[in-house]
Each structure stands twice: as structure tokens, then as C-alpha cells.
Amino acid sequence: MTVTAKMIAKELGISESAVSIALNNKKGVSSQTRRKIIDTAKSLGYNFDFRRSVINGKKGNICFVIYKKSGAVVSDTPFFVELSEGISAGCKSEHYDCYFRYLYEDENIFRQIYKLDSSDFAGIILLATEMDENSLKNFRGLRTPILILDAYFEKLEYNYVIINNIQGAFTATEYLLKKRKKQPGYLRSSFPIGNFFQRADGFYKAIRENGMPTSKSIVHYLTPSQDGAYDDMKKLLMAGEEPANCYFADNDLIAAGALQAFKEFGYRVPEDIAIIGFDDLPLCEYVLPSLSTIEVPKYFMGETSAMRMIQIIEKKNTLPIKIEVSTKIIIRKST
């Protein structure tokens, strides 16, 4: 519960204006009354840091932490740039400063977390794209409130802002089924990332609901980067792999890399093979043919994360919630 001037006034049996004068360090109350108000405020847990920062026109600092594990997620891609811009804008609109930090799992993670918790941050937005449940457990005991962005863990009680991955993958797969009248294949990430597991759920759900056996879907495990997916798909085709009529890909980078490999082996897109990705990165409009995809409102996700974090900081003791951001399909020339 947030301690207010009204609560302090009630505790002491004095006017709220006298409390406000003392807390704002203005003239108008005696030194003895001022000391009594300050001592009572401390005993009740009043947030003096917040009061001082408001007086100075700044409410506090929020840290956007990018957790690096496998290296599969590159933080300077347009996806994460837009997330960052949304977070910065949300913080700025509510008079918070936004800082950026990296945490590296292969270094002394506990030392990094301790330094983070010891810094002057009112809240932490943790980009957990590469994290698993065990990674997140390392953050237990932090005094600084945390919001988890771009990942969800059923057993761990936090505030979350995530993509509706199941919805997006289901929409993409069902579109392929209706357009191509064939069972879609799956260009699946070879790196274990939570978002991609959820996209797999959406893909297979669409297959089942259309009366097809999931075991019949052709699946290629590819590196979730454009160059990596291109190299992996090229090796599969050189080994004689027979491609499917159409594919859903875990992300646009996989889709673009595979598309390049298919074209080099003489397959026409979309005449022979249709492909749809996920994320709606700028490259979707530049590859040939342009890439159909699932649009994720990245800026909105970042801004929403910042606004929810500020609610947590200022209201305190809020119940944890999961905010799931919807997606929409963007049809271009690859399907």
C-alpha cells in the first residue's frame, strides 16, 4: 500500500496541509512538528525518493534489461529497436528516465543481478526472449519490481507483456491451408525459444482443426537467422530433401533465408512453394518476392510494458497480470 500525506495526517491527528508542507520542505510548520511528521512518515514506509524526484520534475529511472543467452536473439534487429523505442516513449511520457543494460548468462550472472538491484532503478523491464524458467529463478529475491517482456512462464508469478504467438501462428497456417489446399510444412527454429514453442502450438492446432495428421507435416529445423536458415536449407536441398507445397516459418529471418535457398534450387515462390513468416520486419518488403507475414505491434508492446511498469511502481502491491498483444496477418507476394 502506498503511504500518502493523508494517511500521515490521520496518524498524527493534524492537517494534511501541514504534512504536505513538511514533506515538501517548505516554511509554515515548527521544527518540532516537521520532525514528528518526518519520523512518522519513515515509520509508515513513506517513499521519500519518489517525493524528491517528483519535486525535481523526474519520477525515477526504469531499466530495460536485455538477457543474452544463446545469441540467437540479436538486439539490434528492427524488432528489438522498435520495442526499445516504445519503452523509451512510454517512460518519457510519464517523466521517467529509461536506461538500457545487458545481462550475459555465460558470465557471473549473480554478480550482474546484484549490481542491477543495487542501482537506482525504480523498476526493471526484463526482455526474456532467450530465457527459460531456470534462468528467471535467478532473479528471485530482487527488491526492484520486475516486468517480463516477450516470454511467459506459467509457474512464476510476475507481470508479463507477450505476443499472442498461438493466435498468430494459427492464423498464418489456416491461411495457407485455405489458399493452397495442401498440408503446410513448418520452417522451425533449431534454437529452443519460448515464443517459438507457442508458435508451434498454433501451427499444429490449425493442422488438427483442419482434419490433418500432425505427423504428416514436413518440418525443417533451421537456425533462426537469415544467413543461418539459408545455409541450413541449402544443405537439406543438396541432400535431396523434398520440400512441401507451402511453409509457415517461426520468424521472418528463417522465412527469408529459406526463400533464398529455394529460389537458388529452381523453385518458384509462390508458384511452387508459398512461405509466410512472423514478426513483419522491414526485410519482408525488400526480399523478392515480398514476404507475407504476421505483424507484431512491437512499438505498442514496448510502450505498454513501460506503462504497466509505471503502474506497478506508483500503485505498489498491484496483482500480477499477463498482457497478451494480438497480431494480424499481412499478405504479400510470397503466398
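A: What follows describes Phe 248 and its aromatic neighbours. The model is predicted, with local features requiring pLDDT of at least 70 and side-chain atom pairs pLDDT 80 or more, while totals for chains, interfaces and linings use all residues. Residues are numbered from 1 along each chain as its sequence is written, and side-chain values use heavy atoms, leaving out hydrogens and water.

Phe 248 belongs to the largest nonpolar core, which has 61 residues, and together with Ile 125, Leu 149 and Leu 187 touches the most other members; such a core is a set of buried Ala, Val, Leu, Ile, Met, Phe, Trp, Tyr and Cys residues joined through side-chain atoms within 4.5 Å, where buried means under 20% relative accessible area, with a 1.4 Å probe and protein chains only. Leaving aside residues up to four places away in sequence, the contacts of Phe 248 include Leu 187, Arg 199, Phe 203 and Phe 278, contact meaning heavy atoms within 4.5 Å.

Phe 248 also forms one aromatic cluster with Tyr 186, Phe 203, Tyr 204 and Phe 278, in which rings of Phe, Tyr and Trp (its six-membered ring) pair if their centres lie within 6.5 Å, counting as stacked with planes under 30 degrees apart, edge-to-face over 60 and tilted for the rest. Because the ring centres of Phe 203 and Tyr 204 are 5.0 Å apart and their planes stand at 75°, this pair is edge-to-face. Phe 203 counts as buried because its relative accessibility is 0%, and Tyr 204 is buried at 17%. Arg 199 lies over the face of Phe 278, 3.7 Å from the ring centre, the rule being that NZ of Lys or CZ of Arg is within 6 Å of that centre and within 35 degrees of the ring normal.

Methods
Buried < 20%, exposed > 50% of the residue type's maximum accessible area, 1.4 Å probe, protein only.
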